[in-house]
Amino acid sequence: MKRFLFITLNLLLILSSFSCNLRKEETYRKSEFLMDTIVTITVVSDSEKKAGDAMDKAFAEIKRLGQLLNSFSPDSEISAINRNAGISPVKISPDTYTLLEKGIEVSTETGGAFDMTVGVVVNLYDFHKKTHPSDALIREKLPLVNFRDLILNKDKRTAFLKRKGMSVDAGGIAKGYAADRATAVLKSAGIKAALVAVAGDIRAYGLKPGETPWRVGIRNPRGKGMDDIIATLELRDMAISTSGDYERFFIENGKRYHHLIDPKTGYPAGGVMSVTVVGPLAVYTDSLATALFISGIEKGLKIAGTLGYDTLMIDKAGKIHMTDSLKNKITLQPRIKTNKDK
Amino acid sequence: MQSQDRLRIAILAAYAIGLHGLERMIPAPVPWLRFGFANIITLTALILYGLRVAMTITLIRVLIVSLLTGSFLGPGFVLSLGGGVASTLIMGGAYSLFSGIFSPVGIGLIGAMAHNLTQLSLAYLLFIRRIEAILFVAPLILFLGIITGLFNGMASGLLLKKLGEKITVTQLNPKTKEEEKI
Amino acid sequence: MSLLKETLKEITIYDWALLVALILLSVSGLFLVKGLALSGNTASIEVNGKLLYRLSLNEDRTVEVHGPIGITRVEVKQGKIRITDSPCPNKLCIRQGWIKRGAIICLPNRVVVTIGGDDTGEVDAISG
């Protein structure tokens with residue numbers, strides 16, 4: 001009898017090894033219009049309520065940051081700093097301080113290719129009315145572009161723009177920062193896997209149900225439609241951002257005027273159609289994408305290598321340049337169509 | 001247990017070790033393909049001396065071979081141990097329940113199946129949690145197990161006859177659990 | 001020889017039944033498994049149960065994965081995949097050569113290369 005039991009137990013053990021996972025995990029997705037763009041959060045959870053609560057918290061955080069950091073609303077801290085340019089330092093909240101601090105860090109690392117004070121020249125271009133400033137006007141305003149004139153005081157937690165007329169614009173880094181913060185909120189809400197997309201600034205962690213990683217596509221800079229992508233890659237605890245000359249632009253006399261203005265010249269940076277940066281934090285992928293775009297292919301690849309970030313850059317001819325460590329992670333879609341234009 | 005039997009058991013264990021070790025040294029063209037010739041000894045010992053002795057020999061064999069080949073506590077060791085213990089147990093059970101129905105050939109078949117199934121399960125649970133990969137490879141392994149089981153069973157039957165010719169053996173009659181001379 | 005004959009005579013009808021049943025089972029299992037979706041144009045590489053890469057078989061490339069005993073090198077070429085290098089003692093995984101279906105396993109280094117589903121180009125989000 002004992003022997004029989006022993007054998008039966010053995011058999012049961014073997015059979016049970018083929019049983020499947022009981023708890024059902026699903027993905028939940030929600031979008032909201034925040035920070036002047038569409039923010040989509042996808043979470044993996046075994047409970048709809050838990051997913052909903054976490055997403056609400058994450059959206060609330062992004063909303064809060066949007067209110068602090070946007071340049072348009074007069075209540076934002078950024079606006080306060082700009083109003084007091086050349087006048088006095090402004091006390092800011094820890095998030096704003098951290099954001100500006102990181103922005104300056106990237107500016108320093110990229111030799112000024114990323115510069116939050118470039119807004120004063122970018123605003124000379126009107127992408128709706130399709131107008132661009134005269135060379136004289138650019139020359140006049142260019143001295144006001146200098147990240148070194150943005151002074152931060154850590155003890156007092158203040159920010160000060162030294163010269164009157166200067167303005168700081170967090171647009172090139174705030175979305176990435178928001179994606180990182182939203183991720184932190186989701187993690188502390190107990191979500192094991194999620195993808196946060198603040199427009200094109202994306203941060204993903206964990207695995208989808210079925211142990212599959214998040215897959216992200218890179219937009220075809222000259223593609224037709226929102227789904228035209230030139231490459232896909234898996235995002236494992238990583239962030240990705242893309243800056244392109246197709247986001248805000250107009251074409252005049254065959255020449256493309258886009259919003260990625262070189263802080264040193266005041267003109268749209270040339271030579272590149274789009275730059276994608278992949279790395280651990282979205283705040284850096286966001287700002288670096290802009291910086292590398294401005295820096296051009298050769299310098300951009302070098303900077304990425306030095307900082308330990310991966311990048312995929314598409315030049316004006318449609319040719320793709322990548323950092324070595326990215327080559328094995330990217331799946332290029334077979335059809336890479338680009339229209340040749342300036 | 002008589003000292004003669006003890007000696008015999010020790011020799012059987014030695015043969016088991018020898019068979020297992022030798023088999024391991026054969027370069028296999030296909031991975032995981034091990035006939036398990038040592039099970040001839042296990043089955044023979046089982047029929048001659050009963051489950052406890054057979055299990056002891058199995059454990060000794062797996063332990064010593066793994067120590068000698070330096071694979072102690074490695075994946076090969078775990079699979080050997082699991083497969084060996086499971087097949088010994090199940091052969092023991094099958095023998096005590098079905099010794100009238102199956103000859104050593106049948107018992108050997110059952111043992112080989114148990115051995116391979118256990119190894120597949122263990123490989124899945126502990127090492128490769130990809131059920132598709134395991135299932136893909138399973139039919140082939142089980143088929144080879146059939147061949148092994150057949151061969152082992154026949155070899156064991158032969159061996160038993162050979163041994164029975166030469167010596168007197170005390171064996172536990174599986175039905176009555178009484179010792180009787182054969 | 002007579003010993004062999006004796007042994008053969010001992011084989012019972014149930015032995016035969018068992019044998020036939022097992023053969024049928026494993027053969028049918030073989031057919032079942034042929035239908036199993038271990039084919040496709042992507043391959044996944046897992047180490048210790050953790051999915052490290054899912055590569056398209058359309059892109060020729062070589063990747064390295066780190067397992068408990070060393071580095072295993074995997075190569076994709078012309079729609080096929082193989083293990084070119086591995087620190088295991090028997091190198092059985094390397095001897096399997098190129099595969100287009102199924103799987104290659106390097107047990108000592110806990111590496112599993114599995115052919116998987118098709119890459120539909122579907123993504124969870126788009127950057128850009």
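Helix 7 (residues 171-188) of chain A is largely enclosed by the rest of the structure, because 15 of its 18 residues are buried. The model is predicted. The length of helix 7 of chain A fits its residue count: at 1.5 Å a residue, the 18 residues should span 26 Å, and the end C-alpha atoms are 26 Å apart. Just after this helix, Gly190(A) has a positive phi of about 85 degrees.

**The sheet of chain A**

Chain A holds an open sheet of eight strands. Their order is 1-2-6-7-10-13-14-15, with antiparallel pairing. Strand 1 (26-34) and strand 15 (320-322) of chain A are the edges, and each pairs on one side only. From one strand to the next, the twist averages 10 degrees. Helix 2 (residues 48-69) of chain A packs on the sheet. This helix touches strand 1, strand 2 (37-45) and strand 6 (193-198) of chain A. Its direction makes about 150 degrees with that of strand 2 of chain A.

Within the sheet, strand 7 (residues 201-205) and strand 10 (residues 238-244) of chain A are joined by three bridges. Ile202(A) has Ile240(A) as its bridge partner there.

**Strand pairs**

Strands of a sheet pair through backbone hydrogen bonds, either parallel or antiparallel.

| Strand pair | Sense | Bridges | Partners |
|---|---|---|---|
| Strand 7 and strand 10 of chain A | antiparallel | three bridges | Ile202(A) and Ile240(A) |
| Strand 6 and strand 7 of chain C | antiparallel | four bridges | Ile104(C) and Val113(C) |

**Where chain C meets chain A**

Here 15 residues of chain C are in contact with 27 residues of chain A. Strand 2 (50-56), strand 3 (61-67) and strand 8 (125-127) of chain C each supply at least two residues to the chain C side. That side has five nonpolar, four polar and six charged residues.

**Where chain C meets chain B**

This contact takes 31 residues from chain C and 29 residues from chain B. Helix 1 (2-10), helix 2 (13-34), helix 3 (92-95), strand 6 (103-106) and strand 7 (111-116) of chain C each give two or more residues to the chain C side. Helix 2 of chain C gives the largest share, ten residues. By class, the chain C side divides into 18 nonpolar, seven polar and six charged residues.

Strands 6 and 7 of chain C also form a hairpin, with four residues between them. In the turn, Arg110(C) has a positive phi of about 55 degrees. In a regular strand the side chains alternate between the two faces of the sheet. Strand 6 of chain C is covered on both faces: Ala103(C) and Ile105(C) are buried on one side, Ile104(C) and Cys106(C) on the other.

**A helix pair in chain B**

Helix 4 (residues 75-98) and helix 5 (residues 104-127) of chain B pack at about 145 degrees, with axes 7 Å apart. Their crossing is right-handed. Residues in the contact include Gly82(B), Gly83(B) and Ala86(B) of helix 4, and Gly111(B), Ala114(B) and His115(B) of helix 5. The contact has 16 nonpolar, seven polar and no charged residues.

Helix 5 of chain B is mostly covered, with 20 of its 24 residues buried. Its 24 residues should span 34 Å at 1.5 Å a residue, and the end C-alpha atoms are 33 Å apart, which agrees.

Notes. Residues are numbered from 1 along each chain as its sequence is written. Chains are lettered from A and ligands numbered from 1 in the order in which they are written. This is a predicted model: local features need pLDDT of at least 70, side-chain atom pairs count only at pLDDT 80 or more; totals for chains, interfaces and linings use all residues. Two residues are in contact if their C-beta atoms, placed from the backbone, lie within 7 Å. Ala, Val, Leu, Ile, Met, Phe, Trp, Tyr, Cys and Pro count as nonpolar, Asp, Glu, Lys and Arg as charged, and the others, Gly among them, as polar. A residue is buried if 20 or more other C-beta atoms lie within 10 Å of its own, exposed if 12 or fewer, and partly exposed in between; C-beta atoms are placed from the backbone. Two strands pair if DSSP finds at least two bridges between them. Axes are lines fitted to C-alpha atoms, for helices over the stretch in contact, and angles run from 0 to 180 degrees between N-to-C directions. A crossing is left-handed if the near helix is turned anticlockwise from the far one by less than a right angle, and right-handed if clockwise. The expected span of a helix is 1.5 Å times one less than its number of residues.
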